[in-house]
Amino acid sequence: MKRMIGLTLASGLALLVAGCAGQGGNGAFPSGPGDTSSGAVRASAPAATRNFNLAVRCPGVHWEKTHGWTDQQIMQQESLDQSEIPACEQWVAAQPKGYVPPPPPGVAPAGGTKAPAPSAAPAAGAQS
């Protein structure tokens with residue numbers, strides 16, 4: 001029985017490797033963010049991505065500014081350009097007091113909806 005299972009697993013692995021090797025490297029998938037070998041041109045970031053980046057980075061930039069960090073320190077820590085620091089300060093100033101950015105799409109918010117309380121049904125077999 002062990003031999004049969006081992007043989008089945010080995011043949012399945014061989015078929016998997018043969019199937020992957022048969023596909024070859026035809027260049028259908030770019031190898032990285034700047035790869036245009038397959039004719040794909042990287043589009044500019046949409047506005048939603050920029051707003052998400054601001055929502056993620058700007059609270060940290062604002063905190064660093066209020067705690068006396070220099071622009072050079074902030075640019076090194078946050079990996080952003082000099083022109084983005086004032087944009088972040090404007091973004092933070094435009095947010096309502098106590099603003100918390102929403103979670104990314106597909107992520108349930110922390111402390112979301114609670115499960116309904118179990119009903120007070122009597123246990124099976126219990127009689128009054």
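Which residues make the nonpolar surface patch of about 390 Å²? In this predicted model, in which local features need pLDDT of at least 70, side-chain atom pairs count only at pLDDT 80 or more, and totals for chains, interfaces and linings use all residues, the patch is made by M1, I5 and L9. Residues are numbered from 1 along each chain as its sequence is written, and side-chain values use heavy atoms, with hydrogens and water left out. Patches of this kind consist of residues with over 30% relative accessible area and no salt bridge, nonpolar side chains being joined within 5 Å and like charges within 9 Å; a salt bridge pairs a side-chain nitrogen of Lys or Arg with a carboxyl oxygen of Asp or Glu within 4 Å. M1, in the segment before helix α1 (2-23), is exposed, with a relative accessible area of 78% (exposed means over 50%, buried under 20%, with a 1.4 Å probe and protein chains only).

Helix α3 spans residues 71-78, and its buried residues are I74, M75 and E78 (helices are DSSP runs of H or I with at least four residues). These buried residues fall within an arc of 100° seen down the axis of α3, so they line one face of the helix, the arc being that of the directions from the axis to the C-beta atoms. On the other side of α3, Q72, Q76 and Q77 are exposed.

The largest nonpolar core has eleven residues, among them L54, I74, M75 and W91 (such a core joins buried Ala, Val, Leu, Ile, Met, Phe, Trp, Tyr and Cys residues through side-chain atoms within 4.5 Å). Two or more residues are given to this core by each of α2 (47-66), α3 and α4 (84-94).

Notes:
Accessible areas come from the Shrake-Rupley method with a 1.4 Å probe; for residues, only the protein chains shown count as cover.
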